[in-house]
Amino acid sequence: MSRRRTTEVAAAWGGRRCTACRCRLSRYNSETVCSICNRSGTAAQPACPFVPAQVWTYEDVKVALVQRDFGRLCQLVRERGHLRQEDMALLTGLSQAFLSMLESGQRRLTNIDRIIVLLDGLNAPADLTGPMLRPVPLAPTPPFQAVS
């Protein structure tokens, strides 16, 4: 290949970048994302992850929630909601490593405060979680009356 042709190819190849990861795009790629981002779904991931509402309609998700099997619940929500463990960590405030151990059964979630954080982060419907696992807003108390 001549030096001029090599320069033209290099200029064309280095000029376009993936919109998701900013790597150089192949000259044969007519897309705006690289093949890795296209396959992994990175380009399709929303900027702010969320759990779709239809996730809570699946029977196996409801069963895991009723049985308080939070490892299985996290795995099902993640799979049904097309989320990554990193997305779940962002939503719940729990670390990705902890979520991984929770899903694999190496760790259990028993602290009520962490359970509430998990369910709030996943935006679990209150009618499925029950009042015990979700904080209920306190009704305002009437002001004290002075007795004379």
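**View 1. Three salt bridges are counted in this predicted model.** A salt bridge here is a side-chain nitrogen of Lys or Arg within 4 Å of a carboxyl oxygen of Asp or Glu. The model is predicted, so local features need pLDDT of at least 70, side-chain atom pairs count only at pLDDT 80 or more, and totals for chains, interfaces and linings use all residues. Residues are numbered from 1 along each chain as its sequence is written, and side-chain values use heavy atoms, with hydrogens and water left out.

**View 2. Arg 80 pairs with Asp 60.** Their closest N and O atoms are 2.6 Å apart. Arg 80 lies in helix H4 and Asp 60 in helix H3, so the bridge ties together parts 20 residues apart in sequence. Helices are DSSP runs (H or I, at least four residues), numbered from the N terminus. Arg 80 is partly exposed at 31% relative accessibility; Asp 60 is partly exposed at 26%. Buried means under 20% relative accessible area, exposed over 50%, partly exposed in between (1.4 Å probe, protein chains only).

**View 3. Arg 78 pairs with Glu 103.** The closest N and O atoms lie 2.7 Å apart. Both residues are buried.

**View 4. Arg 84 pairs with Asp 87.** Here the closest N and O atoms are 3.0 Å apart. Arg 84 is partly exposed at 41% relative accessibility, whereas Asp 87 is buried at 4%.

**View 5. Val 77 makes contacts with several residues.** Contact means heavy atoms within 4.5 Å. Not counting residues up to four places away in sequence, Val 77 touches Val 51, Val 55, Trp 56, Val 61, Leu 83, Met 88 and Leu 122.

Terms used:
Helix = DSSP H or I, 4+ residues; strand = E, 2+ residues; numbered from the N terminus.
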